[in-house]
Amino acid sequence: MLEQREWDIIETEEHYKSRWISIRILYLTMFFSSVGFSIVIMSIWPYLQKIDQTADASFLGWVIASFSLGQMVASPVFGLWSNYRPRKEPLIVSIFISVVANCLYAYVHVPASHNKYYMLVARGLVGFGAGNVAVVRSYIAGATSLQERISSMANTSACQALGFILGPVFQTCFALIGEKGVTWDAIKLQINMYTAPVLLGAFLGVLNIILILTLLREHRVDDSGRQCKNVNFEEASTDEVQFPQGDIDQVAVLATNVLFFVVLFIFALFETIVTPLTMDMYAWTREQAVLYDGIILAALGVEAILIFMGVKLLSKKIGDRAILLGGLIVVWVGFFILLPWGNQFPKIQWEELHNNSIPNTTFGEIIITLWKSPREDHNEGPTGCPIEQAWCFYTPMIHLAQFLTAATLIGVGYPTCNVTSYTLYSKVLGPKPQGVYMGWLTASGSAARILGPVFISQVYTSWGPRWAFSLVCGIVVLTIMLLGVVYRRLVPFSVRHGRIQE
């Protein structure tokens, strides 16, 4: 027989192996979820036009926003649930909701009328299911020590970013099926370029549920890596330690939520403005804008994955707070470079004027033209900066090299700030259950993804890029000042209470 000490070593190794298998399953959960969300992004507008002729540009905005609204509502709910019950439960339920929502999306063409509302509900339910991000982050925060935290959070973000890159790639491949596709009359299912992606998303969701049921185990460790006993843990042992006592620094919690909101707000508005900005500045056609901007965003996604990997190494040398500060400075420099300078102006889009008046074209209508089919004569129409945007006549153009340099810097700063902000957040909260707090963090990010596009669209259309990017620079400066004020408070729970040294 083995001595008791040898049995303890074997048990510890088994626990360690099980813990990291569970964490890797959650990496897959983030990857599958991001693929399922992004795989239909490029086809929402043409499918909406196909199934319901009453849908207009403003309704498309609601369809896109419904995802973030659903996630914002669901995140605190699933987070609270995960605090008091095994975290398998909210994970499985949330993924099942996403599977059902994807199936509903595949059938939105069936009703005789009001099809656009069925699509709205389907996308909202997908967002509601994506509220499990709070549970995933809570689990990883609770199942890793302080030394392991930044690496695990960076891997989580990298898997999520990879899913957002591959989703549109899968969508492009499914475009080969065409609009007609194949119809299964017995169950009224059309498998075409619009429905095949969501069916793949549903399949990945089912696969994810199977993996969670078979491989995910409940684990929680304290900041030093010792196993903790809690309500979620199913296999308690005699050498487990209880949660350390002490209060959470609520000022640091609130400040980190604000920091996370601003980080996602800034990148959401950048994603929104890329296409209209490049069409206005460089007179790109719709096809050129979709192609070139798609390449730029895909390159930023690859860049983000590399940054996530680099942050893991850099944080061990200079710490999370310094990295967050550096990321915000890089973002500020990126948007400062985007400010228009010089005396070269963009090409003006001279369109035929009717009744000697300038038509009122909304920002949403400019974006929507990207997705409309080309005219029958294959004429892309006028290109350049629309005359209804008065600033086009007196605002210098943003040169392409200037834009690419700024995009590269923002592509460095955003993932750096993203992963370090919620890693710091998890450390501030400590080893206690973090479900509700992570739910609020995810909800603040969802709110940022709703408000960011609204803010930039209104300012850019009315006042132009100089005002838009100047205001963004001002927001980043205020955020840096906030970080400076709370810098000393953004320390791990155990460090704050003197249990371990920073």
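I counted the secondary structure of the protein and got 16 helices and 4 strands (DSSP runs, H or I of at least four residues for helices, E of at least two for strands, numbered from the N terminus). The model is predicted, so I took local features only at pLDDT of at least 70 and side-chain atom pairs only at pLDDT 80 or more, while totals for chains, interfaces and linings use all residues. Residues are numbered from 1 along each chain as its sequence is written, and side-chain values use heavy atoms, with hydrogens and water left out.

**Whole chain.** Of the 502 residues, 54% are buried (under 20% relative accessible area; exposed is over 50%, partly exposed in between, with a 1.4 Å probe and protein chains only).

**H13 and H14.** I looked up helix H13 (residues 400-429) against helix H14 (residues 435-463): their axes come within 11 Å and cross at roughly 155 degrees. Axes are lines fitted to C-alpha atoms over the stretch in contact, and angles run from 0 to 180 degrees between N-to-C directions. H13 and H14 are therefore roughly antiparallel (over 145 degrees). I then listed the contacts (heavy atoms within 4.5 Å): Tyr422, Tyr425, Ser426 and Leu429 of H13 meet Tyr437, Met438 and Leu441 of H14. By class, this contact has 6 nonpolar, 1 polar and no charged residues (Ala, Val, Leu, Ile, Met, Phe, Trp, Tyr, Cys and Pro are nonpolar, Asp, Glu, Lys and Arg charged, the others, Gly among them, polar).

**Val251.** I found Val251 in helix H9 (residues 250-282). Val251 is partly exposed, at a relative accessible area of 42%. Its C-alpha atom is separated by 9.3 Å from that of Leu490, 239 residues apart along the chain.

Terms used
Angles under 35 degrees count as roughly parallel, over 145 as roughly antiparallel, 65 to 115 as roughly perpendicular and the rest as oblique.
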